[in-house]
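Trainee: I have a new structure to read. Please walk me through it, one feature at a time.

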Amino acid sequence: MANISNVIEQFLLRLLGDGDNVSISRNELADYFSCAPSQINYVLMTRFTPARGYVIESRRGGGGYINVTRLSDNRNKLLEELAEMPVNGGMTHHTVTQVLCRLTDSGIMDKNAADLLSAVMTDKAIVAPSVSKNNVRAGMMRALASRLLKNEEQNNGGNQNV
C-alpha cells in the first residue's frame, strides 16, 4: 500500500497537470483522503517547496484553501538563480536534495548524477570542522549551477543532461 503522503502528492501533481496553478479546499482534500488537514500541510511543506519549484499560498478559516503554483521551468533562469544564490545563508542537505530533484525534474541533470551529488553533500561527507557545512553545501550548489549554466550556453540551450 502506498504512503498517504505520496498519494496526496501525486494527486496534487495530477491536478496541476500542465498548468501552473491549482486551488483546492484543504478540508475537502483531507475529507477526500480521510486524513487530518495537518497531513495535507505536511505534504505541502515537504513536497511543494520553492527548492522543488513550487510556491504555496494557504489560508485558514472559512474552509481554508491552498493555492499551489509551479515556478517557471526555464532552464537558464533556474540555473542563473542558483548560480547567484548567496553562500552565507548556507543550505541544508534536505534543501540540496530538493534542488537536485528540481534539476532532475526540469531535465537539466539525470537522476544518477543527482544521487551522486546528494551523497557527496551529506554532513558525513563534508569534513570541515571550522567551517559551516551548510555554507560549504551552498558553495558547492552555486558552483554546480554555474557550471551547468556554462554548459547550457555552450550547447545553445541544447537538451544535453549531466
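Mentor: Start with sulfur. A disulfide is a pair of cysteine sulfur atoms within 2.5 Å. Keep in mind that this is a predicted model.

Trainee: How many disulfides does that rule give here?

Mentor: The count comes to 0 disulfides.

Trainee: Then take the cysteines by their accessibility. Is Cys35 buried or exposed?

Mentor: Use the cut-offs. Buried means under 20% relative accessible area, and exposed means over 50%, with partly exposed in between. Cys35 has 18% relative accessibility, so Cys35 counts as buried. Cys101 has 29%, so Cys101 counts as partly exposed.

Trainee: How do I read a pair of helices?

Mentor: Two packed helices are described by the angle between their axes and the distance between the axes.

Trainee: Which residues make the contact between H5 and H7?

Mentor: From H5 come His93, Val96, Val99, Leu100 and Leu103. H7 supplies Arg137, Met141, Leu144 and Leu148. Sorted by class, the contact of H5 with H7 has 7 nonpolar residues, 1 polar and 1 charged.

Trainee: Now H4 and H5. At what angle do their axes cross?

Mentor: Roughly 160°. H4 covers residues 75–83, and its axis comes within 11 Å of the axis of H5. Angles over 145 degrees count as roughly antiparallel. H4 and H5 are therefore roughly antiparallel to each other. Their crossing is left-handed.

Trainee: What makes the contact between H4 and H5?

Mentor: H4 brings Leu78, Leu79 and Leu82, while H5 brings Val99, Arg102 and Leu103. By class, the contact of H4 with H5 holds 5 nonpolar residues, no polar ones and 1 charged.

Trainee: Let me try single residues. Where is Ser118, and is Ser118 buried or exposed?

Mentor: Ser118 sits in helix H6, residues 111–120. Its relative accessibility is 14%, so Ser118 counts as buried. Leaving out residues up to four places away in sequence, Ser118 touches His93, Thr97 and Leu100.

Trainee: What comes between H5 and H6?

Mentor: A loop, and Asp110 is found in it. At 33% relative accessibility, Asp110 counts as partly exposed. Asp110 and Leu100 are 10 residues apart along the chain, and their C-alpha atoms are separated by 9.4 Å.

Trainee: And Tyr32, is it buried or exposed?

Mentor: Tyr32 has 57% relative accessibility, so Tyr32 counts as exposed. Tyr32 lies in helix H2, residues 26–32. Compare sequence and space again. Tyr32 and Arg52 are 20 residues apart in sequence, and 25 Å apart in space, C-alpha to C-alpha.

Trainee: Last one. Which residues of H3 are buried?

Mentor: Helix H3 runs over residues 37–47, and its buried residues are Ile40, Asn41, Val43, Leu44, Thr46 and Arg47.

Trainee: What do the buried residues of H3 pack against?

Mentor: Helices and strands. The buried residues of H3 pack against helix H1 (4–16), H2 and H5, along with strand E2 (54–59) and strand E3 (65–70).

Definitions and conventions: Residues are numbered from 1 along each chain as its sequence is written. This is a predicted model: local features need pLDDT of at least 70, side-chain atom pairs count only at pLDDT 80 or more; totals for chains, interfaces and linings use all residues. Side-chain values use heavy atoms; hydrogens and water are left out. Contact means heavy atoms within 4.5 Å. Helices (H or I, at least four residues) and strands (E, at least two) are DSSP runs, numbered from the N terminus. Ala, Val, Leu, Ile, Met, Phe, Trp, Tyr, Cys and Pro count as nonpolar, Asp, Glu, Lys and Arg as charged, and the others, Gly among them, as polar. Buried means under 20% relative accessible area, exposed over 50%, partly exposed in between (1.4 Å probe, protein chains only). Axes are lines fitted to C-alpha atoms, for helices over the stretch in contact, and angles run from 0 to 180 degrees between N-to-C directions. Angles under 35 degrees count as roughly parallel, over 145 as roughly antiparallel, 65 to 115 as roughly perpendicular and the rest as oblique. A crossing is left-handed if the near helix is turned anticlockwise from the far one by less than a right angle, and right-handed if clockwise.
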